[in-house]
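Have a go at each task before you read its solution.

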Amino acid sequence: MTAMRVKPLIPPYSAEVQAEFDLLPQSWQPPFQHYGLLGRDPRLLRAYRLGSVAYLDPSHITLRQREVFLLRVTGRCQNAFEWTLRVHYFADNAGLTEAQLRASVHGSADDTCWESGDRILIRLADELHDTATIDDALWDDMRPVFTDEAILQLILLAGHYRTNAYISKGLRVPVESRINRPFPVAKVEV
């Protein structure tokens with residue numbers, strides 16, 4: 001395992017940083033390592049924290065929609081740190097199967113494991129990842145399914161988790177030790 005490029009803060013934290021950590025969900029305590037990294041500058045930590053949890057409740061999309069979308073976003077970015085956290089905390093409640101979890105990293109919207117509503121989310125994650133836009137055909141498919149607010153939320157989520165990938169991968173943040181689900185590796189053809 002390659003060492004992290006920037007060391008996260010270690011306790012005790014300053015009062016300002018601790019106040020930010022106290023606002024994170026209890027299940028995220030002690031704070032995940034990327035929060036510790038960002039805590040080196042409390043302004044960065046605050047901005048990131050607000051982007052990561054502000055969407056949770058209330059939401060314009062369902063839990064399943066959020067998780068299908070974010071697993072694909074993090075899967076396409078090859079962000080093992082965040083993908084494994086999402087699977088650990090949300091995949092079961094979102095009703096995701098083993099085949100869907102694997103396809104979120106190594107599949108496509110055409111895979112038979114996806115439900116029809118999931119396919120639009122996979123296409124959106126792929127298109128934003130590849131082109132940073134939404135083509136007219138996908139837009140037309142999204143309009144009957146999502147409100148304007150839901151589409152805005154999905155775009156913001158994609159951007160936030162792309163930023164998360166830059167932090168996690170760029171600084172070589174390892175998968176959290178409390179996570180027991182590995183990131184799926186591609187099958188090697190023999």
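**Exercise 1.** Where is the place of P12, and what is the peptide bond from P11 to P12, cis or trans?

*Solution.* Start with the location: P12 sits in the segment before α1 (15-22), where helices are DSSP runs of H or I with at least four residues, numbered from the N terminus, and strands are runs of E with at least two. Next, check omega: the P11 to P12 bond is cis, with omega near 0 degrees. Now look at the Q29 to P30 bond, which is cis as well, with omega near -10 degrees. P30 belongs to the loop between α1 and α2 (33-38).

A note before going on: this is a predicted model, where local features need pLDDT of at least 70 and side-chain atom pairs count only at pLDDT 80 or more, while totals for chains, interfaces and linings use all residues. Residues are numbered from 1 along each chain as its sequence is written, and side-chain values use heavy atoms, with hydrogens and water left out.

**Exercise 2.** Find the phi of Q78 and say how exposed Q78 is.

*Solution.* Recall the background: most residues other than glycine have a negative phi. Phi of Q78 is near 55 degrees, a positive value, and Q78 is in the loop between α4 and α5. Then take accessibility: at 37% relative accessibility, Q78 is partly exposed (buried is under 20% relative accessible area, exposed over 50%, partly exposed in between, with a 1.4 Å probe and protein chains only). Repeat for R172 in the segment after α9: phi is near 60 degrees, and at 34% R172 counts as partly exposed.

**Exercise 3.** Describe how helix α5 and helix α6 pack.

*Solution.* First get the geometry: α5 (residues 80-91) and α6 (residues 98-106) pack at about 155 degrees, with axes 12 Å apart (axes are lines fitted to C-alpha atoms, for helices over the stretch in contact, and angles run from 0 to 180 degrees between N-to-C directions). So α5 is roughly antiparallel to α6 (under 35 degrees is roughly parallel, over 145 roughly antiparallel, 65 to 115 roughly perpendicular, the rest oblique). Last, list the contact (heavy atoms within 4.5 Å): α5 brings W83, V87 and A91, and α6 brings L101, S104 and V105.
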